[in-house]
Amino acid sequence: MSPRKYFTNHPCLQIVDLTKLNPEQLTAVKQQFDQELQHFTQSLQALSMAKGKFVECIDDIKTVSQAENEGQKLLIPASASLYIPGKIVDNKKFMVDIGTGYYVEKSADAAILFYQKKVDKLNKESVQIQDIIKEKTQYSLTIEAQIRQAAIRQHEAMSKQQQQQQQKEATTA
């Protein structure tokens with residue numbers, strides 16, 4: 001990047017020249033970037049958890065749909081600690097939650113394809129969020145460097161002012 005650092009979150013937001021900001025303003029900008037970074041990190045974690053659930057669904061479908069599992073007895077969770085005995089009647093058909101409480105009966109292959117599309121979509125979104133996190137991290141590091149430089153400039157200005165004051169006092173004495 002050039003010595004002048006310009007940042008904007010969105011094309012229609014104003015551009016900020018970091019070299020023109022004082023340390024307090026830079027700290028405020030950094031805090032905003034850090035909050036955004038935290039938000040994107042949490043979003044990435046949520047996507048990862050959702051992806052894990054869909055991958056688990058795919059694995060479960062593959063397991064249940066095996067020929068040896070036809071007629072298999074199992075326990076169906078009714079709550080976190082209550083189970084109801086059940087039996088697999090047709091291990092080639094599955095009730096798939098397609099969202100907002102709607103379920104659709106699908107074949108094993110169709111259910112796997114449904115969940116795989118969800119996994120693929122989440123992978124794509126995860127890559128996009130990871131790119132945003134990398135960019136925000138770079139911006140945050142650049143802002144930190146600007147904060148250090150601004151603090152040094154401020155310290156140098158104060159030292160120069162003190163020297164001038166001392167010289168003024170020495171000449172008047």
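Predicted model: local features only at pLDDT ≥ 70, side-chain atom pairs only at ≥ 80, totals over all residues.
Which residue takes a positive phi in the hairpin of strand 5 and strand 6? That would be Thr100, with a phi near 45°, in a hairpin that has 2 residues between the strands.

Residues are numbered from 1 along each chain as its sequence is written, and side-chain values use heavy atoms, with hydrogens and water left out.

## The overall picture

The chain has 2 helices and 6 strands. Here helices (H or I, at least four residues) and strands (E, at least two) are DSSP runs, numbered from the N terminus. Starting from that end, the order is β-β-α-β-β-β-β-α. The chain is more spread out than a compact globule, because its radius of gyration is 29 Å, well over the 16 Å that the globule rule gives for 173 residues. That radius is taken over C-alpha atoms, and the rule is 2.2 Å times the number of residues to the power 0.38. Along the principal axes, the C-alpha atoms fill a box of roughly 105 × 35 × 25 Å.

How much of the chain is buried? Buried residues make up 23% of the 173 residues. Buried means under 20% relative accessible area, exposed means over 50%, and partly exposed is in between (1.4 Å probe, protein chains only). The accessible surface comes to about 12700 Å², and 56% of that belongs to carbon and sulfur atoms. These areas come from the Shrake-Rupley method with a 1.4 Å probe, and for residues only the protein chains shown count as cover. As for contacts (heavy atoms within 4.5 Å), take those between residues at least 6 apart in sequence: 52% of them join residues at least 24 apart.

## Strands and hairpins

Strand 5 and strand 6 run antiparallel and are joined by 6 bridges; two strands pair if DSSP finds at least two bridges between them. Asp97 stands opposite Tyr103 in strand 6. Thr100 sits in the loop between strand 5 and strand 6 (102-107), and its phi is positive although it is not a glycine. Thr100 counts as exposed because its relative accessibility is 76%.

Another hairpin joins strand 3 to strand 4 through 5 residues. These two strands pair in the antiparallel sense over 5 bridges, and Leu75 has Pro85 in strand 4 as its bridge partner.

## Asn91, tucked into a loop

Is Asn91 buried or exposed? It counts as buried, because its relative accessibility is 1%. Asn91 is in the loop between strand 4 (83-87) and strand 5 (93-99).

The side chain of Asn91 makes polar contacts, meaning pairs of N or O atoms within 3.5 Å; within protein, one must be able to donate a hydrogen and the other to accept it, and residues adjacent in sequence count only if both atoms are side-chain atoms. The backbone oxygen of Val64 is reached at 3.1 Å, and the backbone oxygen of Gln66 lies 2.8 Å from a polar atom of the Asn91 side chain. Not counting residues up to four places away in sequence, Asn91 touches Val64, Ser65, Gln66, Ala67, Asn69 and Glu70.

## Aromatic pairs

Rings of Phe, Tyr and Trp (its six-membered ring) pair if their centres lie within 6.5 Å; planes under 30 degrees apart count as stacked, over 60 as edge-to-face and the rest as tilted. By this rule there are 3 aromatic pairs. One of them is Phe33 with Tyr139, edge-to-face at 5.5 Å centre to centre and 85° between the planes. Phe33 lies in helix 1 (residues 23-64) and Tyr139 in helix 2 (residues 108-172), so this pair ties together parts that are 106 residues apart in sequence. Phe33 is buried at 5% relative accessibility, and Tyr139 is buried at 13%.

Phe114 and Tyr115 are also edge-to-face, because their ring centres are 5.2 Å apart and their planes are at 75°. Both of these residues are buried. Ring pairs link Phe54, Phe114 and Tyr115 into a cluster.

## Ile15, out in the open

Ile15 is in the loop between strand 1 (6-7) and strand 2 (16-17). With a relative accessible area of 56%, Ile15 is exposed. Ile15 and Val89 are 74 residues apart in sequence and 63 Å apart in space, C-alpha to C-alpha.
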